[in-house]
Amino acid sequence: LKSAVEDKLKRQLKEIWERAENEMQSLHQTKDELEQGSRNLNAMLETLEQKQKEVEKNIQEMTTKDEEIREALSKLELSVQNASVENIVVAAAPLYDQIFRLYAEENAIDDTIFYLTEGLRKGVVDVDVYLKHVRGLSRTQFQKRVLMMKARKAAGLGEL
C-alpha cells in the first residue's frame, strides 16, 4: 500500500514536473521570440530614423534649390522685361541675322497666304482681291527664298 501510494505520488509528481517543464520551455520560446521581435523592431526604428534624417536633409536641399531657382527666375524675368524683342535673338554674324530675318519673313508670307485662302473659302475675301494679293506675296516670297538660298550658300549652310 505504501509503495502504491508512493508510486502514485511519484507519477503525479512526474506529470506535474513534465507539465511545468513543458510550460517553462514554452515560456522560454515565447521569451526568445519576443526578444527577437524587439530586436527587429529596434532595427526598424533605427532604419526609420535614418530615413527620416535623409528625408529632412533632402527637404532642406530642395528648399535651398527652390529658393535658388526662384531667385534665378526673378532675375531672368527682370532681364526679359528690360530686353527688347530684337535683342533677344542675336545671330553670331550679320549673314546669319539676314538668313534669320528672311526665314521669318518667308514664314510670315506663308501665314498671310494661308489666312487669305481661309478668307476666300469663307467668302470674306473676293476672288480678284485674293488673286492680286497672292500673286504679289508669292513674288515677294520667291525673291526672299532666292536671297535666303544665296545667303545660306555664302554661309556654308546646306539647302533647306
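How large is the accessible surface of the protein chain, and what percentage of it belongs to carbon and sulfur atoms? Please then look closely at the largest nonpolar core: which residues make up that core?

Analyst: This is a predicted model, in which local features need pLDDT of at least 70 and side-chain atom pairs count only at pLDDT 80 or more, while totals for chains, interfaces and linings use all residues. Residues are numbered from 1 along each chain as its sequence is written, and side-chain values use heavy atoms, leaving out hydrogens and water.

The accessible surface of the protein chain is about 14,000 Å², and carbon and sulfur atoms account for 58% of it. Such areas come from the Shrake-Rupley method with a 1.4 Å probe, and for residues only the protein chains shown count as cover.

The protein chain contains four helices and zero strands; helices (H or I, at least four residues) and strands (E, at least two) are DSSP runs, numbered from the N terminus. Its radius of gyration is 45 Å, whereas a compact globule of 160 residues would have one near 15 Å. That radius is taken over C-alpha atoms, and the globule rule is 2.2 Å times the number of residues to the power 0.38. Along the principal axes, the C-alpha atoms fill a box of roughly 140 × 40 × 35 Å. Of the 160 residues, 9% are buried, which means under 20% relative accessible area, with exposed set at over 50% and partly exposed in between (1.4 Å probe, protein chains only).

The mean pLDDT (the predictor's confidence in each residue, from 0 to 100) of the protein chain is 91, and 94% of its residues reach 70 or more. Helix H2 (residues 85-88) has the lowest mean, 65, and H4 the highest, 94. Where pLDDT is low, the predicted coordinates should not be read in detail.

The largest nonpolar core consists of five residues: Ile99, Leu102, Met148, Ala151 and Ala155. A nonpolar core is a set of buried Ala, Val, Leu, Ile, Met, Phe, Trp, Tyr and Cys residues joined through side-chain atoms within 4.5 Å. Helix H3 (94-122) and helix H4 (127-155) each supply at least two residues of this core, and H4 gives the largest share, three residues. In soluble globular proteins, nonpolar side chains tend to be buried together.

Glu106 lies in helix H3 and counts as buried because its relative accessible area is 9%. Apart from neighbours within four places in sequence, Glu106 is in contact (heavy atoms within 4.5 Å) with Met148, Gln141 and Arg145. Gln141, in turn, belongs to helix H4 and is buried at a relative accessible area of 8%. With the neighbours within four places again left aside, Gln141 is in contact with Glu106, Ile109, Asp110 and Ile113.

Not counting residues up to four places away in sequence, Leu116 touches Val125, Tyr130, His133, Val134 and Leu137. The C-alpha atoms of Leu116 and Leu131 are separated by 9.5 Å, although these residues are 15 apart along the chain.
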